[in-house]
Amino acid sequence: MRAGEWSSQIRRGTLELCILALIAQKPRYGYDLVSALERWEPLATTEGTVYPLLRRLQREGKVEASWQESAAGPPRKYYRLTPHGRDLLERMTADWAELSEAVRETLFTEEAKSHG
Amino acid sequence: MDDAAERYLEELRRNLSPLPEDERSDAVREIESHIAEGQADGRPTAAVLAGLGDARTLARAYVADYHLRVPRDGPLGSASRFVLSSTFVSGTGLLSLFVVPLLALLIFLAGLLAVVTPVLGVLRTFGVPGIVMGEPGDWQVPVVWSFPASLAFAAACAVFAWVGYKLLRGYLRLVLAGYRRLLPFRSVAR
């Protein structure tokens with residue numbers, strides 16, 4: 001597997017977590033979400049891919065959405081977490097912390113180095 | 001909305017046709033909103049559209065996800081979903097274009113034979129003429145053995161149809177899941 005493909009798989013896997021986390025901060029609409037992700041280079045996705053993913057999260061009952069008029073410009077579809085989404089985010093966050101800690105240890109502890 | 005944006009939305013809408021109408025127009029409306037936000041942000045339309053990626057690819061990500069996720073309601077719902085998924089997957093590549101319809105046809109024929117053969121076996125047992133079992137004009141299954149022989153043949157057909165169905169379903173899932181994984185990340189500058 002090429003390193004590029006490997007890294008995009010990792011980012012793909014974590015995108016859902018990041019999106020849930022961003023929506024947990026405050027209700028967000030698609031463009032806002034995409035712009036928020038843009039701030040971190042490794043998370044910048046092709047913008048279009050966020051929308052089918054949001055649709056899936058909505059269908060799975062992790063987020064709920066409502067259309068709201070905006071002061072200027074077109075109506076926006078705002079997403080917020082459902083209670084189920086909030087539970088899920090909590091568990092995913094814990095899993096992520098555990099996993100990244102374990103990976104960090106295998107990569108950087110002395111014992112791992114001496115075997116490597 | 002300018003011409004390029006209108007065309008983009010029209011193409012998206014056309015390619016979202018497998019979705020129920022409410023989901024379809026909701027998706028188009030959301031993308032329309034995205035484009036307008038981008039324009040209000042001062043970005044050129046072409047850049048906003050490029051950021052969204054090809055309209056057909058975007059539509060496929062929605063449609064693939066729809067096929068994977070919608071719960072199957074009853075045998076009829078399941079069958080129609082299966083046909084819809086097959087049609088969608090057939091359109092995804094040259095291999096699928098041949099494999100899916102061919103396999104589906106074989107499965108259908110095997111299933112049909114599994115049902116029809118025992119009936120013919122019974123008819124032949126009771127001397128209905130014109131039913132050939134074996135090589136025409138050469139070796140023939142004895143008339144008394146018509147029914148057991150037809151059952152054995154039907155069972156073989158049923159097994160073939162079942163295995164074929166499982167295979168096809170697995171293949172459809174594989175392709176659909178591949179599409180859902182189709183979240184092309186920008187390649188990060190290294």
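Chain A contains 5 helices and 3 strands, and along the sequence these elements follow the pattern α-β-α-α-β-β-α-α. The structure is a predicted model. Chain B, in turn, has 7 helices and 0 strands, and 25 residues of chain B are in contact with 26 residues of chain A.

**Chain A: overall make-up**
- Chain A has 116 residues, and buried residues make up 24% of them.
- Among the contacts in chain A with a separation of 6 or more, 45% are between residues 24 or more positions apart.

**Chain A: the sheet**
- The 3 strands of chain A form an open sheet with antiparallel pairing, in the order β1-β3-β2.
- The edges of this sheet are β1 (28-29) and β2 (63-68) of chain A; each has a single partner strand, so one side of each is left without a neighbour in the sheet.
- Strand β3 (residues 76-81) of chain A runs antiparallel to β1(A), and 2 bridges join these two strands.
- Within this sheet, Arg28(A) has Tyr79(A), a residue of β3(A), as its bridge partner.

**Chain B: overall make-up**
- Read along the sequence, the elements of chain B give the pattern α-α-α-α-α-α-α.
- Chain B has 190 residues, of which buried residues make up 26%.
- In chain B, residues 24 or more positions apart account for 65% of the contacts with a separation of 6 or more.

**Where the two chains meet**
- The contact between the chains involves 25 residues of chain B and 26 residues of chain A.
- On the side of chain B that touches chain A, the elements giving two or more residues are α2 (21-40), α3 (45-52) and α4 (55-69) of chain B.
- The element that gives the most to this side of chain B is α2(B), with 10 residues.
- By residue type, the side of chain B that touches chain A divides into 12 nonpolar, 6 polar and 7 charged residues.

**Helix α2 of chain B**
- Helix α2(B) has 20 residues, which at 1.5 Å a residue should span 28 Å; the end C-alpha atoms of α2(B) are 28 Å apart, so the two values agree.
- The buried residues of α2(B) include the charged residues Arg24(B), Glu30(B), Glu32(B) and Glu37(B).
- Also buried in α2(B) are Ala27(B), Ile31(B), Ser33(B), His34(B), Ile35(B) and Gly38(B).
- An α-helix has 3.6 residues a turn, so residues three or four places apart point the same way.
- Just after α2(B), Gly42(B) adopts a positive phi of about 90°.

**The largest nonpolar core**
- The largest nonpolar core has 40 residues, and the members that touch the most other members are Leu12(B), Leu16(B), Leu58(B), Ala59(B), Tyr62(B) and Val63(B).
- Helix α4(B) supplies the largest share of this core, 8 residues.
- Both domain 1 (1-70) and domain 2 (74-190) of chain B contribute at least three residues to this core.

**Leu16 of chain B**
- Leu16(B) lies in the loop between α1 (3-15) and α2 of chain B.
- Leu16(B) counts as buried because it has 23 C-beta neighbours inside 10 Å, and the cut-off for a buried residue is 20 or more.
- Apart from residues up to four places away in sequence, Leu16(B) touches Arg24(B), Ala27(B), Ala59(B), Tyr62(B) and Val63(B).
- Although Leu16(B) and Val63(B) are 47 residues apart along the chain, their C-alpha atoms are separated by 6.6 Å.

Notes:
Residues are numbered from 1 along each chain as its sequence is written. Chains are lettered from A and ligands numbered from 1 in the order in which they are written. This is a predicted model: local features need pLDDT of at least 70, side-chain atom pairs count only at pLDDT 80 or more; totals for chains, interfaces and linings use all residues. Two strands pair if DSSP finds at least two bridges between them. Helices (H or I, at least four residues) and strands (E, at least two) are DSSP runs, numbered from the N terminus. Two residues are in contact if their C-beta atoms, placed from the backbone, lie within 7 Å. The expected span of a helix is 1.5 Å times one less than its number of residues. A residue is buried if 20 or more other C-beta atoms lie within 10 Å of its own, exposed if 12 or fewer, and partly exposed in between; C-beta atoms are placed from the backbone. A nonpolar core is a set of buried Ala, Val, Leu, Ile, Met, Phe, Trp, Tyr and Cys residues joined through C-beta atoms within 7 Å. Domain bounds come from an automatic or database domain assignment.
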